[in-house]
Amino acid sequence: MARPAPAAISQEAESYFCSAMSVLEHDGPKGQVLADAQATPLWFATVRQTVIYTMLPEAPADPAAVYVSDLAAAPDWRQPDHTAWVDVRDAWFVVDTGLMGSDLAQDLLPFSDQSRAEAFALAHGGRVLRLDDLTEDYVLYYGTVSVAADGSVSPATP
């Protein structure tokens, strides 16, 4: 069966992990998971959150499609083209950049084109990985920070 096409983001698209917040209220690349071909997508404010969701026990074992923003043509990673998507399995992810997503963690920056991903990593630091390289521990704790009651920030550890 063919994969359903990615859905268009609207102001009403609520982020799955950010209860009642529009995904458009967050900078950076987004994600969507379609449980089946007829489903309304689940929206995610970051690519990291999208990948985490696919690892959860309650996630569909074989979703119809998982798409992430394609940064290949975006002039700024914080402002992706909301009509440009890449299947998560086909994406090249730039990681270890130090660029923080809206969830106080480094986001996974997806590109449909390997050479554009490598150029971004060269310009901003980081390295390029594929989805299969993103282990559960890596995704869950990658670049996250802990914020103490006094407001101090320190790296989180697994």
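Residues are classed here as buried when their relative accessible area is under 20%, as exposed when it is over 50%, and as partly exposed in between, with a 1.4 Å probe and protein chains only. By this criterion arginine 3, with a relative accessible area of 43%, is partly exposed. The structure is a predicted model, in which local features need pLDDT of at least 70 and side-chain atom pairs count only at pLDDT 80 or more, whereas totals for chains, interfaces and linings use all residues. Residues are numbered from 1 along each chain as its sequence is written, and side-chain values use heavy atoms, with hydrogens and water left out.

The protein contains 3 helices and 9 strands, assigned as DSSP runs numbered from the N terminus (H or I of at least four residues for helices, E of at least two for strands). Along the sequence these elements follow the order β-β-α-β-β-β-β-α-β-α-β-β. Of the 158 residues, 43% count as buried, and the accessible surface, computed by the Shrake-Rupley method with a 1.4 Å probe, comes to about 8,200 Å², of which 51% belongs to carbon and sulfur atoms. With contact taken as heavy atoms within 4.5 Å, residues 24 or more positions apart account for 57% of the contacts with a separation of 6 or more.

Arginine 3 lies in the segment before strand 1 (31–34). Apart from neighbours within four places in sequence, arginine 3 is in contact with Ala64, Ala65, Tyr67, Asp87, Arg89 and Asp90. With aspartate 87, arginine 3 also forms a side-chain polar contact of 2.3 Å; such a contact is a pair of N or O atoms within 3.5 Å, where, within protein, one must be able to donate a hydrogen and the other to accept it, and residues adjacent in sequence count only if both atoms are side-chain atoms.

Phenylalanine 44, in strand 2 (residues 42–44), is buried, with a relative accessible area of 0%. Its contacts beyond four places in sequence include Phe17, Val23 and Val33, as well as Gln49, Thr50 and Tyr53. The N-terminal end of helix 1 is capped by threonine 46, a side-chain oxygen of which lies 3.0 Å from the backbone nitrogen of glutamine 49.

The largest pocket holds about 260 Å³ of space. Its 14 lining residues include Thr54, Pro63, Val66, Val88 and Leu131, which are the closest to its centre. Helix 1 (47–55) and strand 3 (65–69) each give two or more residues to this lining, and helix 1 gives the most, with 3 residues. A pocket is here an open set of points on a 1 Å grid over the protein atoms alone, where a 1.4 Å probe fits and protein lies on both sides within 12 Å along at least five of seven lines, and lining residues have an atom within 4 Å of a point. The volume is the space filled by probe spheres set on the points, which are joined across faces, edges and corners.

Aspartate 96 is placed in the loop between strand 5 (92–95) and strand 6 (109–111). Most residues other than glycine have a negative phi. The phi of aspartate 96, however, is positive, near 60 degrees, and at 32% relative accessibility this residue counts as partly exposed.
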